[in-house]
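The following exercises are to be worked through with the sequence and the model at hand. Each task is followed by a stepwise solution.

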Amino acid sequence: LVANVHKIVTDCTSEYFQRYRKSVYCTPKSYLGFIDLYRDIYAEKLESIHLLADKINGGLKKLQQAGEDVRMMKIELGQKEIKLQEASK
């Protein structure tokens with residue numbers, strides 16, 4: 001991927017020269033700079049994805065806990081309904 005982008009940039013430099021008569025060079029240093037920039041952006045995106053995944057997982061845990069709480073409340077409600085029916089007799 002990175003080598004492909006480097007090749008495209010190199011090809012574009014000749015087009016740029018033909019159009020504007022200014023030379024632009026794509027040196028190994030600029031290639032390494034591009035790789036460093038790519039790594040930085042990749043690290044930032046990966047961190048943001050991890051943050052979003054943590055938020056989603058936290059929400060799922062809360063939903064699971066809420067489901068468990070509802071299940072427990074249904075059991076308690078059933079027991080209290082039995083007591084209520086006995087008390088109303």
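**Exercise 1.** Classify Arg 39 as buried or exposed, and identify the salt bridge in which Arg 39 takes part.

*Solution.* Step 1: Arg 39 has a relative accessible area of 54% and is therefore exposed; the classes are buried under 20%, exposed over 50% and partly exposed in between, with a 1.4 Å probe and protein chains only. Step 2: the side chain of Arg 39 meets that of Asp 36 in a salt bridge, at 3.7 Å from N to O. A salt bridge requires a side-chain nitrogen of Lys or Arg within 4 Å of a carboxyl oxygen of Asp or Glu. Step 3: Asp 36, at 40%, is partly exposed. Step 4: the two residues are three apart in helix 2, so about one helical turn separates Arg 39 from Asp 36. Helices are DSSP runs of H or I with at least four residues, numbered from the N terminus.

The model is predicted: local features need pLDDT of at least 70 and side-chain atom pairs pLDDT 80 or more, while totals for chains, interfaces and linings use all residues. Residues are numbered from 1 along each chain as its sequence is written, and side-chain values use heavy atoms, without hydrogens and water.

**Exercise 2.** Determine how many salt bridges the whole structure contains, and describe the one between Arg 71 and Glu 68.

*Solution.* Step 1: the search of the whole structure gives four salt bridges. Step 2: in one of them, Arg 71 and Glu 68 meet at 2.5 Å, N to O. Step 3: both residues belong to helix 2 and stand three residues apart, about one turn. Step 4: Arg 71 is partly exposed at 43%, and Glu 68 is partly exposed at 33%.

**Exercise 3.** Describe the salt bridge of Glu 15 and the aromatic pair of Tyr 16.

*Solution.* Step 1: Glu 15 bridges to Arg 19, with the closest N and O atoms 3.6 Å apart. Step 2: Glu 15 and Arg 19 are four residues apart in helix 1; Glu 15 is partly exposed at 43%, and Arg 19 is exposed at 56%. Step 3: the count of aromatic pairs comes to one. Tyr 16 and Tyr 20 form this tilted pair, with 4.9 Å between centres and 50° between planes. Rings of Phe, Tyr and Trp (its six-membered ring) pair with centres within 6.5 Å; planes under 30 degrees apart are stacked, over 60 edge-to-face and the rest tilted. Step 4: Tyr 16 and Tyr 20 both lie in helix 1 (residues 2-20), four residues apart.
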